[in-house]
Amino acid sequence: MASDLQESLLRIGEKARFLTQRYRVVSRERKQALEQIESLRRELAVRDKEIQTLRMQVEYLTVVTNIAPGRESVKETREVIAGLVREIDRCIADLKE
């Protein structure tokens, strides 16, 4: 009976050591996982900020592209201005006569 009790105590002691060792391993893995999660969160925040900046740039470029005159529009405007200048020159010539 005493040997059975001693064997049981030895098995319990071995199991306790195993569980303690396993607990340390799991704790270390958990700590590493939490550090990795924090690192990934910081990286995500940086990427989110970068995405926001790029979206603003896209919006600005879209607005600028829509506002900027096209080649055809510039050509038409130059023709209108040239016509007005010719008409002003004629008026000046008429006034001189």
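Tutor: The secondary structure of the protein chain comes to 2 helices and 0 strands, where helices (H or I, at least four residues) and strands (E, at least two) are DSSP runs numbered from the N terminus. The radius of gyration, taken over C-alpha atoms, is 41 Å, well over the 13 Å that the globule rule gives for 97 residues, so the chain is more spread out than a compact globule. That rule is 2.2 Å times the number of residues to the power 0.38. This is a predicted model, in which local features need pLDDT of at least 70 and side-chain atom pairs count only at pLDDT 80 or more, while totals for chains, interfaces and linings use all residues. Residues are numbered from 1 along each chain as its sequence is written, and side-chain values use heavy atoms, with hydrogens and water left out.

Student: What box do the C-alpha atoms fill along the principal axes?

Tutor: The box is roughly 140 × 20 × 10 Å. As a case of separation along the chain, Leu9 and Asp48 are 39 residues apart in sequence and 57 Å apart in space, C-alpha to C-alpha.

Student: What percentage of the residues is buried?

Tutor: Buried means under 20% relative accessible area, exposed over 50%, and partly exposed in between (1.4 Å probe, protein chains only). Here, buried residues make up 0% of the 97 residues. The chain exposes about 9,700 Å², of which carbon and sulfur atoms supply 59%; accessible areas come from the Shrake-Rupley method with a 1.4 Å probe, and for residues only the protein chains shown count as cover.

Student: Which residues form a nonpolar patch on the surface?

Tutor: A patch is made of residues with over 30% relative accessible area and no salt bridge, with like charges joined within 9 Å and nonpolar side chains (Val, Leu, Ile, Met, Phe, Trp, Tyr) within 5 Å. Leu5, Leu9 and Ile12 form such a patch, with about 320 Å² of accessible area together. Ile12 counts as exposed at 55% relative accessibility, and Leu9 counts as exposed at 54%.

Student: How many salt bridges does a search of the whole structure find?

Tutor: Side chains of opposite charge can pair when their charged atoms come close. A salt bridge is a side-chain nitrogen of Lys or Arg within 4 Å of a carboxyl oxygen of Asp or Glu. The search finds 2. Arg42 pairs with Glu38, the closest N and O atoms being 3.9 Å apart, and Arg47 pairs with Glu43 at 3.4 Å, N to O.

Student: Why are Arg47 and Glu43 separated by about one helical turn?

Tutor: The reason is that Arg47 and Glu43 are 4 residues apart in helix α1. Arg47 is partly exposed at 45% relative accessible area, and Glu43 is partly exposed at 37%.
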